[in-house]
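Please walk through this structure one region at a time. Keep the sequence and the 3D view side by side.

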Amino acid sequence: YIYNDCYANSLCLPKSNIADHKWREDFKNLLIEKGIKVVAFDNIASLSPGLDENSKQEWDPINQWLLQLRFAGITSILVHHTGKSGKQRGTSGREDNVDVSIDLVRPADYSTDDGCRFIAHFSKHRLPQPDLSLITDTEFKLVIKNGSCEWSFGNVEAETRNECLRLLSQKYQQTTIAEMLKKTKGTISKWKKAFIHAGYLKNTGELTPQGRMYLLECGRED
């Protein structure tokens with residue numbers, strides 16, 4: 001089901017407004033009546049006109065309503081904008097009762113030619129320890145293949161390690177690599193030792209035949 005404001009207006013239904021108590025109650029009843037288990041709100045700013053984004057007090061009634069939906073067995077997905085700082089816009093109180101928060105982050109080497117390309121980063125999560133490997137940073141890119149759009153994706157940490165190996169083989173200083181990849185010098189040093197141990201890199205810094213083949217397979221070799 002899609003609650004579209006343009007269509008709702010043609011039926012003389014009120015505009016979506018999660019800041020309005022009556023609309024919230026009517027919408028909650030509609031969700032329960034239809035047996036909806038997952039609902040997405042896109043987006044917070046558009047759906048709460050006149051609300052002071054920085055006021056936790058003004059957000060509290062909406063937060064309590066979202067908790068009511070949770071207790072009714074309904075999962076809520078909230079789409080929101082980030083500010084200039086890269087963090088979610090407005091009061092941080094919005095995330096107090098959120099189980100999972102995902103930021104879409106621009107890759108450090110992003111260019112406009114890349115189009116739709118971003119990193120999905122879990123900035124908050126409530127997961128058991130065994131499941132933490134499921135929420136590693138993942139890079140997504142929308143690509144066109146055979147006239148249709150498909151998602152290409154990969155593990156960010158693995159891609160960063162591969163880039164580190166390439167830069168080491170090109171004789172970049174470890175301090176420079178750390179700055180380029182936004183990692184600590186200790187991490188770069190640890191990765192270098194691992195590359196040598198795996199047989200990808202010589203002690204002198206040159207790639208081994210195995211390392212060259214590995215980068216070719218990863219698409220990292222120049």
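Lys171 sits in the loop that links helix 5 (156–169) to helix 6. Helices here are DSSP runs of H or I with at least four residues, strands are runs of E with at least two, and both are numbered from the N terminus. The model is predicted, so local features need pLDDT of at least 70 and side-chain atom pairs count only at pLDDT 80 or more, while totals for chains, interfaces and linings use all residues. Residues are numbered from 1 along each chain as its sequence is written, and side-chain values use heavy atoms, with hydrogens and water left out.

Buried means under 20% relative accessible area, exposed means over 50%, and partly exposed lies in between (1.4 Å probe, protein chains only). Beyond its neighbours within four places in sequence, Lys171 contacts Thr204, Gly205 and Glu206. Contact means heavy atoms within 4.5 Å. The Lys171 side chain reaches the backbone oxygen of Thr204 at 2.8 Å. Gly147 lies elsewhere: 24 residues from Lys171 in sequence, and 41 Å away in space, C-alpha to C-alpha.

Now take the helices on either side of that loop. The axes of helix 5 and helix 6 come within 11 Å and cross at roughly 145 degrees. Axes are lines fitted to C-alpha atoms, for helices over the stretch in contact, and angles run from 0 to 180 degrees between N-to-C directions. The crossing of helix 5 and helix 6 is right-handed. Helix 5 contributes Thr160, Glu163, Cys164, Leu167 and Leu168 to the contact, and helix 6 contributes Gln174, Ile177, Met180 and Leu181. By class, that gives six nonpolar, two polar and one charged. Ala, Val, Leu, Ile, Met, Phe, Trp, Tyr, Cys and Pro count as nonpolar, Asp, Glu, Lys and Arg as charged, and the others, Gly among them, as polar.

Helix 6 (residues 174–181) also packs on helix 7 (residues 185–198), at an angle of about 110 degrees with axes 8 Å apart. Helix 6 is therefore roughly perpendicular to helix 7. Roughly perpendicular covers 65 to 115 degrees, roughly parallel is under 35, roughly antiparallel is over 145, and the rest is oblique. This crossing of helix 6 and helix 7 is right-handed. Gln174, Thr175, Ile177, Ala178 and Leu181 of helix 6 meet Lys185, Ile188, Ser189 and Lys192 of helix 7.

End at Asp114, in the loop between strand 3 (101–105) and strand 4 (117–124). Asp114 is buried, with a relative accessible area of 15%. Its side chain makes a polar contact of 2.8 Å with that of Arg117. A polar contact is a pair of N or O atoms within 3.5 Å; within protein, one must be able to donate a hydrogen and the other to accept it, and residues adjacent in sequence count only if both atoms are side-chain atoms. Asp114 also touches Asp109 and Lys141, not counting residues up to four places away in sequence.

Definitions and conventions
A crossing is left-handed if the near helix is turned anticlockwise from the far one by less than a right angle, and right-handed if clockwise.
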